[in-house]
Number of protein chains: 2
Amino acid sequence: MISNEIKKYVAFYETERIIIDKKLKASLNKRKPFSLYNPAAYILESSGKRLRPLLVLLSAKAVGGNYKKFYNAALSVEMLHNFTLVHDDIMDNADLRRGNLTLHKKYNLNTAILTGDILAAVAYEFLLKDSKVNAQKALESFTKGLVEVCEGQSLDTEFETRTSVSMQEYIVMIEKKTAALARTCCELGAYLANGKNEDIKALSNYGKYLGIAFQIQDDLLDITADKVEFGKRIGGDLLEGKKTYLFIKALEKAKGKDKADFEKVIANKGIKENEIPKYRALYEKLGVIDDARSAIKSYTKKALTSINKLSNKNEIEIFHWLADSLIKRNK
Amino acid sequence: MISNEIKKYVAFYETERIIIDKKLKASLNKRKPFSLYNPAAYILESSGKRLRPLLVLLSAKAVGGNYKKFYNAALSVEMLHNFTLVHDDIMDNADLRRGNLTLHKKYNLNTAILTGDILAAVAYEFLLKDSKVNAQKALESFTKGLVEVCEGQSLDTEFETRTSVSMQEYIVMIEKKTAALARTCCELGAYLANGKNEDIKALSNYGKYLGIAFQIQDDLLDITADKVEFGKRIGGDLLEGKKTYLFIKALEKAKGKDKADFEKVIANKGIKENEIPKYRALYEKLGVIDDARSAIKSYTKKALTSINKLSNKNEIEIFHWLADSLIKRNK
């Protein structure tokens with residue numbers, strides 16, 4: 001049975017997602033040159049969950065701000081996120097993103113590089129429109145997020161060519177690659193709406209731990225998701241020999257022939273399509289799918305412990321609902 | 001005979017260039033991951049004229065500020081400039097930059113994309129260190145510069161595939177691609193040192209017009225420079241069929257067989273190495289080398305007219321010296 005509270009949160013999310021989509025669509029409208037802004041609009045308009053803008057708005061609201069004053073800041077984090085997607089897709093040589101052709105496949109390499117660049121630039125432009133209060137703090141948080149996303153992406157790339165990566169190194173990597181921007185979203189809303197330090201801290205850690213949980217969930221979905229809903233091919237991480245949470249955990253736990261099988265993935269820089277079921281079975285046998293689920297729960301719990309410290313207790317529940325929805329997501 | 005004043009300006013520039021080089025070298029020192037920051041240091045440490053940081057410092061000084069308080073802002077524009085160089089070199093498939101291997105040649109494509117990204121991010125980080133006064137204005141100027149640089153690069157790429165580009169379109173392109181960042185440098189120094197509006201305007205226009213003159217000079221040097229001093233191959237723009245100031249002017253002025261020869265460059269997307277002397281001779285015959293020199297002088301004059309409006313008359317002369325040096329440069 002769905003409670004009235006949850007219905008209210010879902011309705012809030014749906015309403016805001018539509019507004020954000022509309023504003024994103026309008027954001028680059030009529031800007032020239034079209035050779036630059038049309039590809040940027042292509043990626044911005046492809047459907048996304050818009051979780052990062054939502055975090056900005058919810059955080060502003062959580063500290064007592066009128067969240068409707070911060071849509072430009074909300075758009076800015078989505079733009080920054082899309083900048084990272086465009087460049088990451090080039091580096092990963094990915095063909096599809098959210099079920100659509102990636103930018104470098106639809107256009108070409110040069111267009112994709114430059115489109116990424118303009119998205120980062122325009123992200124700052126939009127953030128500055130809403131930075132009337134605590135501009136310095138907000139821009140520092142935004143920039144720190146951007147720096148860490150680049151560092152995380154670099155570590156991720158570095159891990160591809162390394163023979164061993166510890167779980168601790170992996171967590172540092174996803175903290176930067178994924179969680180830093182989620183943390184920034186929460187901080188931004190709180191700074192711009194002039195929140196108190198304790199509330200900023202509570203939101204910041206919520207964003208960080210939620211981001212870590214989100215990335216492990218992403219690693220998990222790569223092997224457990226339904227292809228149609230996921231919008232990407234299943235087992236892609238294994239095909240590319242990516243050192244995901246599951247892979248690193250499996251390598252830690254496996255012995256004998258199983259261990260050799262995982263070491264082969266590293267040596268061969270990936271597996272073949274027809275080997276996916278075998279490795280999925282190995283993951284299950286070793287219990288790393290359950291381990292991933294536990295880790296997701298554990299980081300989510302840390303996020304909730306942090307958000308429970310918010311001074312306005314009425315604003316806490318929606319963050320619980322959001323974390324809960326993310327754990328249950330299938331794409 | 002070199003006057004004492006000029007000796008003083010040269011000494012100032014030399015002193016500051018060394019300080020800037022040293023600070024650039026230290027700026028990313030010990031930052032991890034090395035897989036990201038070593039390539040970034042490689043490009044930052046390759047010798048450059050450091051004109052953009054110099055403009056920041058001179059502008060702060062011109063409005064009465066203690067320019068030594070703004071080295072981080074000075075570094076930030078050099079970082080942003082290097083971000084554009086790294087990505088542009090990928091797009092142009094260039095092998096050499098300042099006589100060294102370009103980043104994607106020394107490392108690889110993915111490293112070069114990400115190195116460009118981190119340079120832009122770190123540029124904001126350094127600017128924020130010095131943005132205690134007029135942070136909003138300074139960051140808006142910086143971001144506007146970044147947006148326009150991307151727009152200019154997109155136009156430049158677009159022009160490559162177009163059969164005709166007007167001189168007006170070309171000027172708009174270089175205003176964005178080159179002059180916008182020079183303008184930003186001058187504005188930054190003036191904003192951060194809390195300059196008066198009229199002084200900011202005088203400096204801003206100086207930067208803009210100097211930037212336009214600088215780019216036309218760059219186009220000119222491509223065909224008239226000495227290879228060793230220039231650090232790049234001569235006639236590279238012609239080899240690639242780039243629509244430079246000289247090329248557009250030549251196409252405007254040429255008739256009959258000459259015009260057909262230039263149209264052939266467009267159709268073939270460039271010329272062969274052994275055709276460079278022929279096209280150089282055509283440029284001379286049509287007088288476009290002189291036209292470029294006149295245009296450089298004319299835009300430089302606009303820059304000087306603007307800087308003459310500075311309220312502190314003692315600060316004007318060094319900007320004249322700088323413009324004069326740029327006109328006379330051979331690399």
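I began with B:Arg50, which is buried, having 22 other C-beta atoms within 10 Å (buried means 20 or more other C-beta atoms within 10 Å of the residue's own, exposed 12 or fewer, partly exposed in between, with C-beta atoms placed from the backbone). I note that this is a predicted model, in which local features need pLDDT of at least 70 and side-chain atom pairs count only at pLDDT 80 or more, while totals for chains, interfaces and linings use all residues. Residues are numbered from 1 along each chain as its sequence is written, and chains are lettered from A and ligands numbered from 1 in the order in which they are written.

I looked up the backbone at B:Arg50 and found a positive phi of about 55°, although the residue is not a glycine; B:Arg50 lies in the loop between α2 and α3 (51–62) of chain B (helices are DSSP runs of H or I with at least four residues, numbered from the N terminus). In chain A, A:Arg50 has a positive phi of about 60° and counts as buried, with 22 C-beta neighbours inside 10 Å. Most residues other than glycine have a negative phi, and most peptide bonds are trans.

I then turned to the peptide bonds, where the one joining A:Lys32 and A:Pro33 is cis, with omega about 5°, and the one from B:Lys32 to B:Pro33 is cis, with omega near 0°. I placed B:Pro33 in the loop between α1 (4–27) and α2 (34–45) of chain B.

Next I checked how the chains meet, and 32 residues of chain A are in contact with 32 residues of chain B (contact means C-beta atoms, placed from the backbone, within 7 Å). On the side of chain A that touches chain B, the largest share, 14 residues, comes from α7(A), and the residues of that side divide into 18 nonpolar, 9 polar and 5 charged (Ala, Val, Leu, Ile, Met, Phe, Trp, Tyr, Cys and Pro count as nonpolar, Asp, Glu, Lys and Arg as charged, and the others, Gly among them, as polar).

I superposed the copies and found that a rotation of 180° with 0.0 Å of shift along its axis brings chain A onto chain B, at RMSD 0.0 Å (by least squares on C-alpha atoms of residues with pLDDT of at least 70 in both). The two copies are thus related as by a two-fold rotation axis.

Lastly I looked at B:Val56, which touches residues including B:Phe70, B:Cys185 and B:Leu188, not counting residues up to four places away in sequence.

Notes:
Contact = placed C-beta atoms within 7 Å. Helix = DSSP H or I, 4+ residues; strand = E, 2+ residues; numbered from the N terminus.
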